[in-house]
Amino acid sequence: MQDRSFDRAGRLVYDTSGMTLMGGFLGDTICVNGAVQPVADVPRGLVRLRLLNGSNARFYDFAFADGRRFHQVASDGGLLPAPVARSHIALAPAERAEIVVDFSADTAPVRLISAGIAQGCMMGGGMMGGGGMMGGNAGSGGAIEIMTFAPGVSPATGPATLPATLPAPPMDFGAPARTRDFRLDMHAGSMMGAMFNRLIGSSGSIMGINGNSYDMGRIDAELRAGETELWRISAPMMIHPFHVHGTSFQVVSRGGQRVDPATEGLKDVVVVDGRGAEILVRVDQKADAATPFMLHCHILEHEDAGMMAQFTVA
């Protein structure tokens, strides 16, 4: 799922204003696999859907228009230990989930929608935005139309029931050998500076991690292969989807609340707000200074504005 904007000739339009740089690009049309509000033919039975939020900055909260429940079976890093029943599922940019939906009793089309979350920008711990989509998708704060599923006349040929347990990857990280802190921040005065730079045609790194904007020649952290670390991530100004390359991690807490790993699974993206998040990280693949791994905000404009760092693994 991606939100995009088009002109009257059907060409992609990308807003380059200073506010886009600060909050991230928000399109006015939802595309699924490149199609606008598609209709997918599905069998009348259990259907497994793989969801990827491929938007620059838009946060989604997916649900079905009829309120039906479904089961999540996987997240970013693979299968969950057991299916988890849900009525909605929130995904930030780059987050993934796999769900199983039962269409066995359906004869009419079923609509997938999202709450009208316009952007993930947060100030002082409260969600900003809430604006709905334009172009006939929804009014301000209304539901966003994503796509429609049309159950076929034939039953599914796959399993009729979900298993009680799933072959999830192991999540035993053990005790951390050390703790690291990462702060996702904007440089002082950067908001006005960003808009001014756009007006005069200039650019600059206005965001950073731990006070430093991304520098290709700088290594920001040195890890040891196979060692578990506790990372504490904070985001005092905005909400950010924090992404780590080279591994999957376990979320310990998010927004000040402990997380049940059985319902989260292994992740490589975690949403961080003003209350912070804690993750257990272990990287087994080595990476030297010539080919380091990255950690960054996955709002595309924030990453490009300098909210990215790199680390080695020895």
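Mentor: Here are some notes on strand pairing and cysteines.
Mentor: This is a predicted model, in which local features need pLDDT of at least 70, side-chain atom pairs count only at pLDDT 80 or more, and totals for chains, interfaces and linings use all residues. Residues are numbered from 1 along each chain as its sequence is written, and side-chain values use heavy atoms, with hydrogens and water left out.
Trainee: OK, in what order do the four strands of the open sheet come?
Mentor: The order is S2-S1-S3-S4, with antiparallel pairing; strands (E, at least two residues) are DSSP runs numbered from the N terminus, and two of them pair if DSSP finds at least two bridges between them. Strand S2 (12–13) and strand S4 (35–36) are the edges, each pairing on one side only.
Trainee: How many bridges join S1 and S2?
Mentor: Strand S1 (residues 2–6) pairs with S2 over two bridges, in the antiparallel sense, and Ser5 has Val13 in S2 as its bridge partner.
Trainee: And what about the six-strand sheet, is the pairing antiparallel or mixed?
Mentor: That open sheet is mixed, in the order S17-S16-S19-S24-S21-S22, and its edge strands are S17 (207–209) and S22 (257–258). Within the sheet, S21 (residues 250–254) and S24 (residues 277–282) pair in the antiparallel sense over four bridges, with Gln250 opposite Leu280 in S24.
Trainee: Switching to cysteines, how many disulfides does the count come to?
Mentor: The count is zero disulfides, where a disulfide is a pair of cysteine sulfur atoms within 2.5 Å.
Trainee: Is Cys31 buried or exposed?
Mentor: Cys31 is buried, at 7% relative accessible area, and Cys297 is buried too, at 0%; buried means under 20% relative accessible area, exposed over 50%, and partly exposed in between, with a 1.4 Å probe and protein chains only.
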